[in-house]
Each structure stands twice: as C-alpha cells, then as structure tokens.
Amino acid sequence: MLQALDFLRNHKEIALATCEGNLPKMRIFQIMKQECNVLYFATSQEKAIYRELVKNPNVEVLAYYDNVSVRCSGMVNFDVEDDTKRWIYDNNPVLPRLYSSYDKLVYFRLPVAEMDYYDLSPTPPVFKHYDLMVGEVGDGFVGERFKTQS
C-alpha cells in the first residue's frame, strides 16, 4: 500500500470523478496535501463541483504516469482544520494568485476507502486492491481476478 500512497505523493495531478445527478463528471484536480491515506483538495464555493459534492460526496480519483495508475474511492467531507486550510493556501503557488485569502476557498478531504494499484510495465502486470475500511488486500495481475489475502 505504501507504494500506491507514494505514487500519489509524487503525482498530484489527478482526474476527480463526481456525480451530477446520475451522470459522472470528471475534472483534473490537484492533491493539495496528503496525510497517509487522506487526500486534501480546495475549490471555490461558486463552482459546480462544490454543489455536486454537497449533494453526493462519493468520488473516485485516478492518477496515471508511465504505465502505473492508482485509483482511489471514498466519501469526501468538508471537515478540515483551519491550520490545514492555511497550510494548503500558503504552500500552493496558484491559489494566492486566484484568491485573495485562504478563507475564500472551500476545502475538503478524501479519506481513501478503497485503492487500486496497477503497474502495466512488468510481465505479468501487477494489480493490488486495498480495502482500507476492512483491512483486506487483494493481488494478482491484470486479466486475472484478484485473490484476497488474510
């Protein structure tokens, strides 16, 4: 699992999928901060994504680079400490250019519930599934149903 979490630390630009009604909607987003398996994001309260997340907090994120991908799913929440909000704003070069103060943004976090790690480089390719809610790990290779480990 550390390999997948490290991959996210090094590849912060991700595709984030929400639902608008019963239709999926994807955007490119940036992971603003990561604490173990919790990913932090920022957006504007004026954007459609904020309204979508309030209505349905279930999301998936996908990071990809050089034949490796990590997909995470879970439910976002807007319970982010003020110190974390300030840190995100102060440590992102884009946010201060777009917003006059950290409190002009809405911050949310994604505690990752499930995560898939794919590496298509080796033969056979590597697949690992992590269910962080129940502590199960499945592995195998692409094209094979994964096996659950105790």
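This report looks at cysteines and charged pairs in a predicted model.

## Ground rules

The model is predicted, so local features need pLDDT of at least 70 and side-chain atom pairs count only at pLDDT 80 or more, while totals for chains, interfaces and linings use all residues. Residues are numbered from 1 along each chain as its sequence is written, and side-chain values use heavy atoms, with hydrogens and water left out.

## Cysteines on their own

A disulfide here is a pair of cysteine sulfur atoms within 2.5 Å, and the count is zero.

Cys 72 is buried, at 0% relative accessibility (buried means under 20% relative accessible area, exposed over 50%, partly exposed in between, with a 1.4 Å probe and protein chains only). Cys 19 is partly exposed at 29%.

## Charged pairs

There are eight salt bridges, each a side-chain nitrogen of Lys or Arg within 4 Å of a carboxyl oxygen of Asp or Glu. One of them joins Arg 9 and Asp 6, with N and O 2.9 Å apart. Both sit in helix H1 (residues 2-10), three residues apart, or about one turn; helices (H or I, at least four residues) and strands (E, at least two) are DSSP runs, numbered from the N terminus.

Glu 52 also pairs with Arg 27, at 2.9 Å from N to O. Arg 27 is in strand E2 and Glu 52 in helix H2, so this pair ties together parts 25 residues apart in sequence. Glu 20, Lys 25, Arg 27 and Glu 52 are linked in a salt-bridge network.
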